[in-house]
Amino acid sequence: MIVRFIVSNFKSFKEPVEFSFIAGNYKRHDNHVVSVANMNLLRCSALYGNNGSGKTNFLLAIEFLHDLVMYEYDSEFPHNIPTFKLDPTFAKEPTQFEIEYIVDNIRYSYSITFKNNIIIEEWLYKMKEGNDYDIIFERKFDGGSRKIKLGSKKKLTRKEKYRREIYAEDLKNEEVFFNTGANKELKEFEHPYSWFSQKLNIVGLNAEFNGLPYHFGTNEKFAKLANQLICETDLGIEEIDVVKTPIDEFFGPSDTVRKDDIIKRLENFDGIDITANKEEYSVYKDDDGEIIVVKIVTFRRNKAGRLISFNLKEESAGTRRLFNLIPALINAITNNGVYIVDELESSFHPVLIKGILKMYLNLSGNYKGQILFSTHESHLLDLELLRQDEIWFAEKCSDGSTKLTSISDFKPRFDKDIRKGYLEGQFSRIPFVGRLEDLNWN
């Protein structure tokens, strides 16, 4: 789970801006809060703001940090940090990302700072009670020398110490040491790195959930939950199923080159996605060792009462968007996943997305997943649905930079119509459209 995230000098963010999932002292919707590692954290947060206010930039900052940690540095594609451009002096100022998060009840803090696209500071701490911590690594570069501290050296054998020092010496100034250490299988990096690789997920506006047919075809619990949720949304879908085809039958004797290539790729993965005839499929090896190609189909009932099957590509944009959102909700519940979703309401009716969000929030149990989403949908601004500390606003300052504010700072009454207040500009500026009627388009 995310505890807090801080960013500075990135896109529309100038000075350091902090977003927190730490729950406030509110009594309503206490089931929205989960206790983990002696902290009370929220399972959901909504980020509002006008077009151009910077709310998507905030989600992109989290995605940027995720990609830094996950992907190895390529000198042909340098980092090129997008600094705050409205103040030219900030092109030479540091850019910092800092995230505090919890995995398996252990709290970590990770930070990385760039200047002129060079990493000048990076550290990873294992947090303890209060502000105390154990160092996993610290790295600093002042333009002349590089210093790297690797944990408590008293706990390392001579061989382990030597191995880590070799990696530190070979490290380039543009390389992320967190990524390098994890890929070199340094033991201390494995657990904190697993959160980035297995728990943190970014769902962009046009993103599609990887391996969706695979999950429907192999995970019975996942398929059952998805069926229940989608079939209850009044979309006309009565059933979701999968069509499974042996790979030899799917490709036939005339397409052995592609078939062999897919079989080879499958050696390193449980399942892979492919596209054929503009449809999405997953390929995996079943329990009997047979390689299966699977796709999703939906069923609707015609006037004669007969169920008619549809390919997923035949469904509307809103239905396909729902299919890609459902895994986020399910995995946040069943797998403690953390999902960052841009424009949650896109392609959805307001009542539908409000009902889905209410379902997620009202689930009982000590689930440790989270969803952070940006939105314009004012129907979700309802204190019967969300807590005060779950609602945030992104707003442009006079210098063009973005600031983030929680509605908790305004201390609204629990019975206040915050939707009306939001549309009246009580919590953030409302869009100013000028005198459009005066435009001489004729």
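1. Ground rules. This is a predicted model, so local features need pLDDT of at least 70 and side-chain atom pairs count only at pLDDT 80 or more, while totals for chains, interfaces and linings use all residues. Residues are numbered from 1 along each chain as its sequence is written, and side-chain values use heavy atoms, with hydrogens and water left out.

2. Overall make-up. The chain has 11 helices and 20 strands; these are DSSP runs numbered from the N terminus (helices: H or I, at least four residues; strands: E, at least two). Of the 442 residues, 49% are buried, where buried means under 20% relative accessible area (1.4 Å probe, protein chains only). The accessible surface is about 23,500 Å², and 47% of that belongs to carbon and sulfur atoms; areas come from the Shrake-Rupley method with a 1.4 Å probe.

3. Contacts along the sequence. Take the contacts (heavy atoms within 4.5 Å) between residues at least 6 apart in sequence: 61% of them join residues at least 24 apart.

4. The α6/α9 pair. Helix α6 (residues 220-231) packs on helix α9 (residues 317-334) at about 125 degrees, with the axes 10 Å apart. Axes here are lines fitted to C-alpha atoms over the stretch in contact, and angles run from 0 to 180 degrees between N-to-C directions. That angle makes α6 oblique to α9, given that under 35 degrees is roughly parallel, over 145 roughly antiparallel, 65 to 115 roughly perpendicular and the rest oblique. The α6 side brings K221, F222, L225, A226, L229 and I230 to meet L322, F323, I326, P327, L329, I330 and T334 of α9. By class, that contact has 11 nonpolar, 1 polar and 1 charged (nonpolar: Ala, Val, Leu, Ile, Met, Phe, Trp, Tyr, Cys and Pro; charged: Asp, Glu, Lys and Arg; polar: the others, Gly among them).

5. The α1/α4 pair. Helix α1 (residues 55-70) and helix α4 (residues 187-199) have axes that come within 10 Å and cross at roughly 120 degrees, which makes α1 oblique to α4. L65, H66, V69 and M70 of α1 touch Y193, F196 and S197 of α4. The residues of this contact split into 5 nonpolar, 2 polar and no charged.

6. A look at I247. I247 sits in helix α7 (residues 247-251) and is buried, with a relative accessible area of 5%. Leaving out residues up to four places away in sequence, I247 touches K259, I262, I263, V283, I291 and V293. For K259, 12 residues apart from I247 along the chain, the C-alpha separation is 7.4 Å.

Notes. Buried < 20%, exposed > 50% of the residue type's maximum accessible area, 1.4 Å probe, protein only.
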